[in-house]
Amino acid sequence: MDWDDEFDQLRHGGGSRPSMFDDDENPMGVGAGMGEVRMAEPYFEEEREETPLEQLTRHWMNERHAPDILPAREELLSNLLDHLRRQSEAVQLLRGDPSTSEEEHIRIMLVQTEIERVKFIVRSYVRTRLFKVEKFARHIAISDDIQKRLTAAERDHAIRHARITDQHFYLSVLQSLPEAQSHLDDTPIFVPPMVTEPDMSRPVFVHALRQCPPITLPDGASLEMKKGHISLVPYSTVATLVENEQVELI
Amino acid sequence: MALPQPLRVSVTPPELELVACQQLIEIVPLISMEKTAFISGAYGPLRPPHKAKIPIWMAVNLKLKKKCHIVPPEWLSVDFLQSKLTLETTQPAFSDLPFRFAEISKVLLDVASDDLDNPEKIRSLLKDLREARQAKSRDGLKQLDHSELSLPNLCSMEINEIRPVFIQAMSVLTRIVRNPIRTETGGL
């Protein structure tokens, strides 16, 4: 039975692998956010650390609610996928062993159930991102800022998707239109632009994970969220707080 | 299609249940099990009749196989819920309940009602609570403007319930505020 050993190894960051909990102690390391992060540390120490699965669950929910694409969590995800693979291998090994007892079977069943649950979250997380990548493909292709938040695979997919749809539109319709209307990126007045961009003003429900720096609301007022505060605000006002992991979307 | 249409606007109640069931709960095991490392952490050892803390989904799984009794959380009792209901019906603010109480109480009432004291009464109290709170959140729609709405003590399932209407309403308000000239000329 080596699950226990593996778990311990994982907790201590196992050899050269960077510790999975690093993320929490220094979220993002984004320049502007650093000051507040240090200030908020006392709030953080009272709580036990989030497990990688809890982190992913939080990012999954954020991704589902946010209108924009959030920064990719490649390291977290690949560590979890590694863990999933090792758990599945352990299960396979034990299932093949005829000497496993009845009691062991329940253990195996529980481990397997958990594997399926985690796989569901991972899949839903990746699919949510894929949906946004395809929806905003043309916007991604021209925006460096959003490209930084994607993985290499997501970026390539977005650019390819944008190119193929462009080609399709051109061949099926645009080439037979007059020159003035035959482009996808012209911006006629009174008509929304043809490049789909995330609607940053869409309201979201936020839950403050700790004391947050004040934000400015659309009506000019300022709001300082205390830990546990729940609010409905336009996404653009809390976008940086979401990125710095000071709030979660619910 | 990466994400089916119904999942694009909001998360679904079963997904919220999945998230809620990662929380820990106390059980009295009827089987023994060595300490085991799961992805979410190490649980066990289970030694009847000693209590142990495991995730809710695991407890539900064992309960369905009649391998454990679930110790209901403190808040899932007639006394606690009754006092919250009194607060709920006398005070204008939302009373303070666990964030995922709706999901957890549903799961426990479904699979472990024999471990609860007076499950019928609990069920009806939860229903009354839900109705009282629902009325308040509907009232909250009046206070909605284009910039912010604080919702202290609102729970995960309730937020999910009001999400479509509130988000739509706020988006419309934002559009009206942002383009005042067009609405003025449109009004004439």
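Predicted model: local features only at pLDDT ≥ 70, side-chain atom pairs only at ≥ 80, totals over all residues.
Colleague: Start with chain B. How many helices and strands are there in chain B?

Modeller: Eight helices and six strands. Along the sequence they run α-α-β-β-β-β-α-β-α-α-α-β-α-α.

Colleague: What does the radius of gyration of chain B say about how spread out it is?

Modeller: It comes out at 21 Å. The globule rule gives 16 Å for 188 residues, so chain B is more spread out than a compact globule. The C-alpha trace spans about 75 × 45 × 20 Å along its principal axes.

Colleague: What share of the residues in chain B is buried?

Modeller: Buried residues make up 47% of the 188.

Colleague: And the contacts in chain B? What share comes from residues 24 or more positions apart?

Modeller: That share is 68%, counting contacts with a separation of 6 or more.

Colleague: Surface next. What is the accessible surface of chain B, and how much belongs to carbon and sulfur?

Modeller: About 9700 Å² in total. Carbon and sulfur atoms hold 57% of that.

Colleague: Switching to backbone geometry. Which residues does the cis peptide bond with omega of about -5° join?

Modeller: B:Gly44 and B:Pro45. B:Pro45 sits in the loop between strand E3 (41–43) and strand E4 (52–55) of chain B.

Colleague: What about the peptide bond from B:Pro48 to B:Pro49, cis or trans?

Modeller: Cis, with omega near 0°. B:Pro49 is also placed in the loop between E3 and E4 of chain B.

Colleague: Now phi. What is the value for B:Lys66?

Modeller: Near 60°, which is positive in a residue other than glycine. B:Lys66 lies in the loop between helix H3 (56–64) and strand E5 (68–71) of chain B.

Colleague: Is B:Lys66 buried or exposed?

Modeller: Exposed. Its relative accessible area is 68%, and the cut-off for exposed is over 50%.

Colleague: A:Glu245, then: buried or exposed?

Modeller: A:Glu245 is buried, at 6% relative accessible area.

Colleague: Last topic, aromatics. How many pairs does a search of the whole structure find?

Modeller: Three aromatic pairs, over all chains. In one of them, the rings of A:Trp60 and A:Phe120 have centres 6.2 Å apart. Their planes are at 90°, so the pair is edge-to-face.

Colleague: Where do A:Trp60 and A:Phe120 sit in chain A?

Modeller: A:Trp60 is in helix H4 (residues 52–65) and A:Phe120 is in helix H6 (residues 102–135). They are 60 residues apart, so this pair links distant parts of the chain. A:Trp60 is buried, at 0% relative accessible area. A:Phe120 counts as partly exposed, at 35%.

Colleague: And in chain B, how do the rings of B:Phe38 and B:Tyr43 pair?

Modeller: Tilted. The distance is 5.8 Å centre to centre, with 40° between the planes. B:Phe38 is buried at 0% relative accessibility. B:Tyr43 is buried too, at 9%.

Colleague: Which residues form the cluster there?

Modeller: B:Phe38, B:Tyr43 and B:Trp57, linked by ring pairs.

How values were computed: Residues numbered from 1 in each chain as written. Chains lettered and ligands numbered in written order. Heavy atoms only, no water. Helix = DSSP H or I, 4+ residues; strand = E, 2+ residues; numbered from the N terminus. Rg over C-alpha atoms; globule rule 2.2 N^0.38 Å. Buried < 20%, exposed > 50% of the residue type's maximum accessible area, 1.4 Å probe, protein only. Contact = heavy atoms within 4.5 Å. Areas by Shrake-Rupley, 256 points an atom, 1.4 Å probe, with all protein chains shown as cover. Phe/Tyr/Trp six-rings, centres within 6.5 Å; stacked < 30°, edge-to-face > 60°.
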